[in-house]
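Here is a short report on one protein model. It covers the overall fold and then the aromatic ring pairs.

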Amino acid sequence: MNNRHPELFWRHKRNPILSVADWPYPANSVFNPGATLLADGTTLLLCRVEDRRGHSHLCAARSANGVDNWRIDPQPTLLPDPEHFPEERWGIEDPRITYLPELGKYAIVYTAYTSSGPGVALALTEDFDRFERYGMIMPPEDKNAALFPHRISGYWVLVHRPVGAPGAHMWLSYSPDLRHWGSHKLMLEARRGAWWNANKIGLSPPPIETPQGWLVIYHGVRQTAAGSIYRLGLALFDLQAPERCLKRGDEWIFGPEQPYEQRGDVDNVVFPCGYTVAPDGDTIHLYYGAADTSIALATGSIRAILEWLEQHG
Ligand code: BMA
């Protein structure tokens with residue numbers, strides 16, 4: 001009998017697909033990229049680049065096949081702007097990209113890091129060249145945020161992860177204009193005790209719209225005597241009321257296994273901030289930071305993921 005867990009994501013054999021050795025300018029590490037498909041089918045990754053001060057900025061990499069021949073912007077694409085946005089003083093991190101058809105623009109929701117902690121910031125762009133900054137939309141301590149692609153019942157919806165006592169859970173907030181946020185609702189709670197996702201969870205890439213509901217890939221952080229382990233789990237939410245959880249898988253489905261995920265600046269981290277879906281509407285490419293050091297790719301099937309949730313949720 002086969003005692004292996006069924007695999008929902010397959011790692012690319014050329015992982016890690018991007019690392020600091022590929023960068024056109026000096027940096028310490030590249031990881032946790034947001035991802036999107038441009039109108040011409042090009043894969044765009046907006047990568048978190050950390051410099052040797054420990055501060056991060058964002059840099060775009062483009063590829064026709066989403067695997068290799070990356071064209072990386074020769075300079076940082078989006079730098080922190082602490083003069084106008086003091087909340088970006090210690091850098092900007094972990095972008096999640098959502099295309100908003102209503103506005104014809106991409107929303108980039110990212111972590112702005114300042115002396116009072118990390119918060120959630122928003123910028124819009126049409127071309128990943130010029131950016132319209134909205135500044136901080138959720139104050140510290142808050143991160144792991146992304147927008148849904150369209151309004152629900154007339155309102156924009158943001159997933160985010162404020163940190164409170166006793167745990168760090170996922171919340172939703174609603175806005176009429178992307179600037180003013182309210183009607184906050186608890187979306188998904190961290191578990192407690194021995195669970196792999198005890199005490200601290202957070203959204204990974206933006207929610208994925210499927211006929212069955214919003215499919216959410218989230219990370220759980222297990223604290224151990226040897227440090228934290230970042231792994232991924234699955235949940236499904238109601239299309240009309242996304243605070244309503246329809247299914248939640250008990251087991252984690254992806255975790256650090258390969259040397260590039262287990263060893264790096266921060267050991268034992270897989271951290272996806274973006275995905276693309278192939279023209280078949282089913283094949284999903286998950287782009288993730290590996291050990292806060294490099295960028296890797298894993299591929300799965302949305303249908304298979306939903307079937308797994310049906311059986312294990
Ligand atoms: C989280 C985020 C990620 C990072 C992870 C592991 O809190 O800050 O940027 O990859 O920790 O260090």
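## Aromatic pairs and overall build

Y106 has 8% relative accessibility, so this residue counts as buried. Buried means under 20% relative accessible area, exposed over 50%, and partly exposed in between (1.4 Å probe, protein chains only). F128, at 2% relative accessibility, is buried as well.

This is a predicted model, in which local features need pLDDT of at least 70, side-chain atom pairs count only at pLDDT 80 or more, and totals for chains, interfaces and linings use all residues. Residues are numbered from 1 along each chain as its sequence is written, and side-chain values use heavy atoms, with hydrogens and water left out.

Now the whole chain. The protein has 2 helices and 21 strands. These are DSSP runs, numbered from the N terminus: helices are H or I with at least four residues, strands E with at least two. The radius of gyration is 18 Å, close to the 20 Å that the globule rule gives for 313 residues, so the protein is as compact as a globular protein of that length. That radius is taken over C-alpha atoms, and the rule is 2.2 Å times the number of residues to the power 0.38. The C-alpha trace spans about 55 × 45 × 45 Å along its principal axes.

Of the 313 residues, 57% are buried. Among contacts between residues at least 6 apart in sequence, 49% join residues at least 24 apart. A contact means heavy atoms within 4.5 Å.

Next, the rings. The whole structure holds 8 aromatic pairs. Rings of Phe, Tyr and Trp (its six-membered ring) pair if their centres lie within 6.5 Å; planes under 30 degrees apart count as stacked, over 60 as edge-to-face and the rest as tilted. Two of the pairs are tabulated here.

| Pair | Centre to centre | Angle between planes | Class |
|---|---|---|---|
| F9 and F254 | 6.2 Å | 75° | edge-to-face |
| Y106 and F128 | 4.9 Å | 50° | tilted |

Where do F9 and F254 lie? F9 is in the segment before β1 (10-11), and F254 is in the loop between β18 (245-248) and α1 (259-262), so the pair ties together parts that are 245 residues apart in sequence. Both F9 and F254 are buried. Ring pairs also link F9, F254 and Y288 into a cluster.

Y106 sits in strand β7 (residues 105-114) and F128 in the loop between β8 (117-125) and β9 (131-138), so their pair ties together parts 22 residues apart in sequence.
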